[in-house]
Amino acid sequence: LETHFFLVFALRGNKAPMMKALALILTLLALPAVVFADAVDEFLLSQMQRHQIPGISLAICRDGQVVRAMGYGLANVELDVPAKPETVFQTGSVGKQFTAMAVMMLVDEGKLGLDDPISKFFPDAPVTWKGITVRHLLTHTSGIKDWEGKTDIDYRKDYTEDELVQVAMTLPPDFAPGTQWSYSNTGYVLLGILVHKISGKFYGDFLAERVFAPLGMASTRVISESDIVKNRAAGYTMEKGKLQNQEWVSPSLNTTADGSLYTTTLDLAKWDAALWSKRFLKPESYETMWSPVQLQDGTTYPYGFAWFLDVQRHEPAIQHSGSWQGFKTAIVRYPGLKLTVIVLARHRWAEAAYLIPSVGVILTGSVWESAPRYALAWFPAYLILAEAAERRRWLWWLTVGISLLLGAFMVYGWATRRWVA
C-alpha cells in the first residue's frame, strides 16, 4: 500500500521524466506479487463457491520461507469461526511422510534395515508375509491389502496395536511382495507399530520428541477428540446437497500411523524448511526417500517413501495428498523452483490435490501469462527514458540494458514455459 501511494505521488507531483520513469519501473517490479496474489485468492474463492468448500488454509513457501499464508472461509460453520493459517486440520495421508521419517531415523541409527523382513518384528506373521520387507511397507509394494471399513475393520471399535496386527494378518494378499504397487493404509499402520517396537515409544510420542518439538511445530500432534485443541477445525461432508459433520471414528483408530495427525499450514511450512535443509537424515537417505520404487520386473512406479513423484507443467514435483473425516489436504514441493504449496481444506469432496497444481500454475505461470504484463508496464517507461536519454548517454545504455533483460526474460519463459516468481 505504501508503494502504491508513493507511485501515485510521484506520477502526479513531479513531472520530471526521471521520476516518472522510476515510478513506472517500481510498478513493473511490484506487479507480479500483486497480480499473482490476487489470482490465487480469486481461484481459491471461486473453487470454494463452486464445490461448497467451507474453509481452506493456504501456505506458499519459497526456499523454506513462508511468502504467503492465508485462511479462506470458515474453520467452524456452526460457530462461524473464520479459517486462518493457525487453524488446525486433520492431515489424512499427508501424515504418512512423518511415519516414513520416523522409520528412516531408525534406519540411519542402525536400529532397522530397509530390507529387513517384517517377520523379524512380527514373529507370528503368516506365511503370506514371507518376503515382505520394511521397504515394501514404505513404498506400498508389500501386497498387504488396504483394509476397508465395515468389511475388514470396524471404524467404531477400539483396537490395541496387537489387535490391529491380528486384523492385518487375516487379510488375503493382493499380490506377491515387490511385484506391483497398490496403496495400503494397513502397511503404514504396521510401520507405526514397528516404530513402537524398536524405539520403545508410541510413534506419536517418538515424532513429538524427535521432530515436532525440535521444529517448533506446536500445533502438530496425534488426533484426540477428548483433548482441548486450540484453533481446531471441524470436518464436513456433503449428503444430498446438505453439509453434514464428519462421521465418528473410534479414538484408537484415530491414532494410527497412516495419517492420524493434527497440523496447520504454518507447521507444515516449518516441516518443509527442515526438508530443504535436510536436517534429520543423511543426504543419501533423502535421495532414497524421494526415488521411485523399483519393482521386481525392473520397472519403476513414481512413489518413494510416503511421497508421490510427479511432473507438473514441466516441473518435477514431490507431493502427497490426504483425505480423512471430512478433511482434504495436500502438499506439493517443486525442487527446481524451491517452491512449496500447502493446502488444507475442510470438506470431504474438496480436492486439495487438484487445487495445488492449479495454484502452482498461477505461481509459475508461463511467458504468455506474465511477460506481456512486463512488456506493457515497461513500454511507457521506455518512452520516457528514451526521451531523457537524448541528453544523458548513460541513461541510454540503461534503457537498452533493461530492454535486453526483458527480452531475455521473455525468451527464457517461452523456452521453459514457466515464470520464476
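Predicted model: local features only at pLDDT ≥ 70, side-chain atom pairs only at ≥ 80, totals over all residues.

Take Val211 for a closer look: if you skip its neighbours within four places in sequence, Val211 is in contact with Phe98, Met101, Met105, Phe206, Trp271 and Phe280.

Now zoom out for a moment. The protein chain has twelve helices and 14 strands. Buried residues account for 51% of its 421 residues. What share of contacts between residues at least 6 apart in sequence joins residues at least 24 apart? That share is 67% in the protein chain.

| Helix pair | Angle | Distance between axes |
|---|---|---|
| H3 (residues 96–108) and H6 (residues 185–199) | about 40 degrees | 10 Å |
| H5 (residues 161–170) and H6 | about 140 degrees | 10 Å |

Start with the first pair. H3 and H6 pack at about 40 degrees, and that angle makes H3 oblique to H6. H3 goes past H6 in a left-handed crossing. On the H3 side, the contact is made by Lys96, Thr99, Ala100, Ala102, Val103 and Leu106, while H6 brings Asn185, Tyr188, Leu191, Gly192, Val195, Ile198 and Ser199. Sorted by class, the contact of H3 with H6 has eight nonpolar, four polar and one charged residues.

On to the second pair. H5 and H6 pack at about 140 degrees, which makes H5 oblique to H6. The crossing of H5 and H6 is left-handed. Here Glu161, Leu164, Val165 and Ala168 of H5 meet Thr186, Val189, Leu190, Ile193 and His196 of H6. By class, this contact of H5 with H6 comes to six nonpolar, two polar and one charged residues. Which residues of H5 are buried? They are Leu164, Val165, Val167, Ala168 and Met169, and H6 is part of what covers them.

Finally, a few spots in the loops. Thr220 sits in the loop between helix H7 (203–215) and strand S5 (221–222). Is Thr220 buried or exposed? Thr220 has a relative accessible area of 5%, so it counts as buried. Apart from its neighbours within four places in sequence, Thr220 is in contact with Phe212, Tyr262, Thr263 and Asp267. The C-alpha atoms of Thr220 and Gln90 are 9.4 Å apart, although the two residues are 130 residues apart along the chain.

Most residues other than glycine have a negative phi. Lys278, though, has a positive phi near 50 degrees. Lys278 belongs to the loop between helix H8 (265–277) and helix H9 (283–289) and is partly exposed, with a relative accessible area of 38%. Ala306 also has a positive phi, near 70 degrees, and is found in the loop between strand S10 (300–301) and strand S11 (308–312). Ala306 is buried, because its relative accessibility is 0%.

Notes:
Residues numbered from 1 in each chain as written. Heavy atoms only, no water. Axes fitted to C-alpha atoms, helices over the stretch in contact; angles between N-to-C directions. Helix = DSSP H or I, 4+ residues; strand = E, 2+ residues; numbered from the N terminus. Parallel < 35°, antiparallel > 145°, perpendicular 65-115°, else oblique. Left-handed = near helix turned anticlockwise from the far one by under 90°. Contact = heavy atoms within 4.5 Å. Nonpolar A, V, L, I, M, F, W, Y, C, P; charged D, E, K, R; others polar. Buried < 20%, exposed > 50% of the residue type's maximum accessible area, 1.4 Å probe, protein only.
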